[in-house]
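Have the coordinates open as you read.

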Amino acid sequence: MKPRSSGSVIRLAAPLRALAQRFSFLLLVLASIALMMVGKIESVSVDSARARVTDAFAPILDAISRPAATAARVVESAVELENAFDENQRLKAENARLLQWKQAALRLESENNSLRSLLRVRPEPSVNYIAARVIATPGSSFVRTLVVTAGKRDGVRKGQAALAGAGLVGRVIEVGEWSSRVLLLTDINARIPVILSNTRQRSILAGDNSDQAKLLYLPPDSPIQVGERVVTSGDGGLLPPGLPVGVVTAVSERGIRVLPSADLSRVEHLRLVDFGLPSTDLDPSPDSK
Amino acid sequence: MTATFWQKVDKTGRNLAPFAVTVMMVLVGMIPLPVPGYAPVAPNLTLVSVYYWTIHRPDLMRPGVAFLIGLLQDFLIGGPLGVNALLLVVAQWAVLNQRRVFLASTFALLWFGFTLVMAGAVLLQWLAFSVLDAVTLSILPALFQGLLTVAVFPAVGWLLIRVHRAFLNG
């Protein structure tokens, strides 16, 4: 383009380009570190940006996660077919046992109702469930979240509990228009207020990125046994009380470990609990009103 | 005139292939498989793709592109922003500096090179998350993820070679 000074330009251009390249590397490294800081400070706006990006990619994630789910189901049904006879025997026995429990539950329910009417207890807020499919896991060793196919327009709000199968899976931390993100209770940032079912000891369940979570803030001499059930306490009004969370598997000086009742590594569908509480102070971002 | 215009469009489309493939790797890496304990050790396909394209087409896998892909990954996986962006930018820079060695070498050496890059990535990731969470995390899951990624490297590499030949040999 500039023929008269091409020689000197070329001589200058190579080191300049090298400099620019090195500079862009440094600039991008600094930008990454700046983003980490911004993410720590401005977590609300980062969350809403994240929800938008997740929303944009949710349809693709949904589409590509379907074949994998189908393949897994085919393999699983083949395995189940093999064990059908044993499984049938086991289920029959379990059914007989559950029928007895059903009788007990019905009796207790009627008793409960009559006692409640005597005491004029205010009924608990009604609970709705929103079903959603899991379309993505982070694929990272240090983050335990799930992306599901239900968002603001399905009634999902920040802070709702997520249940799968036998128990609590986690809590909604970010809501997009048609997708949302669930923080699993084994994530290092997860804190769930819980109560131990036998000792009535209140505690906080904290994840540490392993398969089991640990209980925090328990008095040192609390009489907790292995096998005790852990349920949500409902403290703080975040989660409904009494949702099953897990079972105590180890009591030692290093802490008390809890194995989640739900199998967190193979959640395909989950239910989000619409507790009927106004999520005002939990959700500083302007809601769709 | 029109021919050159369409040629330009075609060329641009082809040149976008590395970027598009890498984004696809980000998404494929997030597919939930109902295998116990899979999610924390799911192979880091994005890093494989960035490694491959930095060696073969550094003009199409620039630091800015690596940064953007890392940022997208940070947004999608729900971790702290900037960690994967930093990881991919550093990996791209490291590979670019040793590119001539890789380009002239055999597949085995390419694999070995990736093992080194992956080891660095595991360390960097562990360090970044430990600092951001202000606790010493266990490095084991990251280590297993690294091993799994190194194990799938030949398969993913083969796929990338196919894409490379299909779109960018002209």
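Start with Val248(A): its bridge partner in β11(A) is Val258(A). Strands β10 (residues 244-252) and β11 (residues 255-260) of chain A run antiparallel and are joined by six bridges. Both belong to a six-stranded barrel in chain A, closed in the order β6-β7-β8-β11-β10-β9 with antiparallel pairing (strands pair if DSSP finds at least two bridges between them). Neighbouring strands of this sheet are turned by 45° on average, direction ignored.

A word on provenance: this is a predicted model, where local features need pLDDT of at least 70, side-chain atom pairs count only at pLDDT 80 or more, and totals for chains, interfaces and linings use all residues. Residues are numbered from 1 along each chain as its sequence is written, with chains lettered from A and ligands numbered from 1 in the order in which they are written.

Over in chain B, α3 (residues 45-56) and α5 (residues 83-97) pack at about 35°, axes 9 Å apart (axes are lines fitted to C-alpha atoms over the stretch in contact, and angles run from 0 to 180 degrees between N-to-C directions). Helices are DSSP runs of H or I, at least four residues, and strands are runs of E, at least two, numbered from the N terminus. Here's who touches whom (C-beta atoms, placed from the backbone, within 7 Å):

| Helix | Contact residues |
|---|---|
| α3(B) | Leu47(B), Val50(B), Tyr51(B), Thr54(B), Ile55(B) |
| α5(B) | Leu88(B), Ala91(B), Gln92(B), Val95(B), Leu96(B) |

Between the chains, 41 residues of chain B contact 37 residues of chain A. Elements giving two or more residues to chain B's side include α5 and α7 (107-133).

Definitions and conventions:
Contact = placed C-beta atoms within 7 Å.
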